[in-house]
Amino acid sequence: MFKARSIDDKYFPAPGTFIKWCTPQPEDLGLPEPETAYLEACKHAHELNPGKAKWSHQAVYEAAKQTGFFELKSMAEKHILPVFTRNYDIITKKILKGEPISDIPKALPGQVQQTIAERNKAYHDQQQQQSIQQAGLNHLNNKTDAMAAIKGMLGR
């Protein structure tokens, strides 16, 4: 209603316009623009304890937490900005609907790049499998077989 009162027009607005005026917008609830929220999230992600930082709005903190503080400070903006924007958009819509902020569903794997830690683990797992195959130990499926192979190598 504040928007309706602030418009100085002698004609009554169309129903769609009036409904839009009555629907809360993100700025009405103190939510920053997505770009501003992203910059704030990146800034606080570098702090020792981001949860104790002074956030402009709980939604910015939740979007940053759901995106991942490590990812915000280590991934390239072209990869992490779409993830943060998606999370912030979902949280903003929940707030506008009056729903509680909770964990949001993760994006489909095809939509989000792997994190550095995930790529690192996959690389080292692959290297380990290659080493096992080169040593001729890929037939070992349990610890008993592995111990027998080690004892055989040591001549025991």
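This is a predicted model: local features need pLDDT of at least 70, side-chain atom pairs count only at pLDDT 80 or more; totals for chains, interfaces and linings use all residues.

Me: How many helices and strands does the protein have?

Reply: Helices (H or I, at least four residues) and strands (E, at least two) are DSSP runs, numbered from the N terminus. The protein has eight helices and zero strands. Of its 156 residues, 25% count as buried, where buried means under 20% relative accessible area, exposed over 50%, and partly exposed in between (1.4 Å probe, protein chains only).

Me: How are two packed helices described?

Reply: One gives the angle between their axes and the distance between the axes. Axes are lines fitted to C-alpha atoms, for helices over the stretch in contact, and angles run from 0 to 180 degrees between N-to-C directions. Here, the axes of helix 4 (residues 58-67) and helix 6 (residues 77-97) cross at roughly 135 degrees and come within 9 Å.

Me: Which residues of helix 4 and helix 6 meet?

Reply: Contact means heavy atoms within 4.5 Å. Helix 4 contributes residues including A59, V60 and A63, and helix 6 contributes residues including I80, F84 and Y88. The residues of this contact divide into ten nonpolar, three polar and one charged. Here Ala, Val, Leu, Ile, Met, Phe, Trp, Tyr, Cys and Pro count as nonpolar, Asp, Glu, Lys and Arg as charged, and the others, Gly among them, as polar.

Me: At what angle do the axes of helix 3 and helix 6 cross?

Reply: The axes of helix 3 (residues 34-45) and helix 6 cross at roughly 115 degrees and come within 10 Å. P34, A37, Y38 and A41 in helix 3 meet E77, I80, L81, F84 and Y88 in helix 6. That contact divides into eight nonpolar residues, no polar and one charged.

Me: Does E71 count as buried or exposed?

Reply: E71, which lies in helix 5 (residues 69-74), has 17% relative accessibility and therefore counts as buried. Leaving aside neighbours within four places in sequence, E71 is in contact with I80 and T115.

Notes:
Residues are numbered from 1 along each chain as its sequence is written. Side-chain values use heavy atoms; hydrogens and water are left out.
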